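The stops below can be selected in order.

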Amino acid sequence: KLIRMYNKMAKTLIEFETLWYQAWVNSIETVKSGLQATLVIKHPDDGMRFHVNFDWEILQLIRETRCLDRMGGIEIPEAAKMVLLQEQKFKTYNHELSYFLKEYRRVTQNVKPIATNLMKPHIENLEFKMRPGLVVLTWTSMNIES
């Protein structure tokens, strides 16, 4: 009787593991689609401030892929491997963009009202240079550095 209960429990656990793995594999393409988002967005809910447009599910996919890879014996889909291989690139871009936007906010908020008109062309020029990140560049773009 104890052996039957053990076998039933093992079967249930294996079924759960298989279902979880299949759901994870099916979710990879959905998560990867987050890489097609532009780098920066203007968020209407907080006064049109700039924000880094990074989907945190990508980092979760990277962590899960790394864990499954370390476990061994589990087939990792190529799409997940490709995201894992670009982990450092995504983290670096996210960090650098976050720092840049934080500094942008700091500088623009510290402009005194008397100097607003003087600084306006410079701020507009900076926003013009940020435009590709709002419109064209995605997390998989090859020319982000430029």
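This is a predicted model: local features need pLDDT of at least 70, side-chain atom pairs count only at pLDDT 80 or more; totals for chains, interfaces and linings use all residues.

Residues are numbered from 1 along each chain as its sequence is written, and side-chain values use heavy atoms, with hydrogens and water left out.

Select Thr-65 to begin. Thr-65 is part of helix H2, residues 57–71. Helices (H or I, at least four residues) and strands (E, at least two) are DSSP runs, numbered from the N terminus. Thr-65 counts as buried because its relative accessibility is 1%. Buried means under 20% relative accessible area, exposed over 50%, and partly exposed in between (1.4 Å probe, protein chains only). Leaving aside residues up to four places away in sequence, Thr-65 touches Trp-24, Ile-76, Ala-80, Lys-81 and Leu-84; contact means heavy atoms within 4.5 Å.

Next, select helix H3, residues 78–85, whose buried residues are Ala-79, Ala-80 and Val-83. Seen down the axis of H3, these fall within an arc of 100°, so they line one face of the helix. The arc is that of the directions from the helix axis to the C-beta atoms. Glu-78 and Leu-85 are exposed on the other side of H3. The buried residues of H3 pack against helix H1 (2–32), H2 and helix H4 (87–109).

Finally, select strands E1 (residues 40–43) and E2, which run antiparallel and are joined by 4 bridges. Two strands pair if DSSP finds at least two bridges between them. His-43 has Arg-49 as its bridge partner in E2. On E2 (residues 49–52), Phe-50 and Val-52 form the covered face, while Arg-49 and His-51 form the uncovered one.
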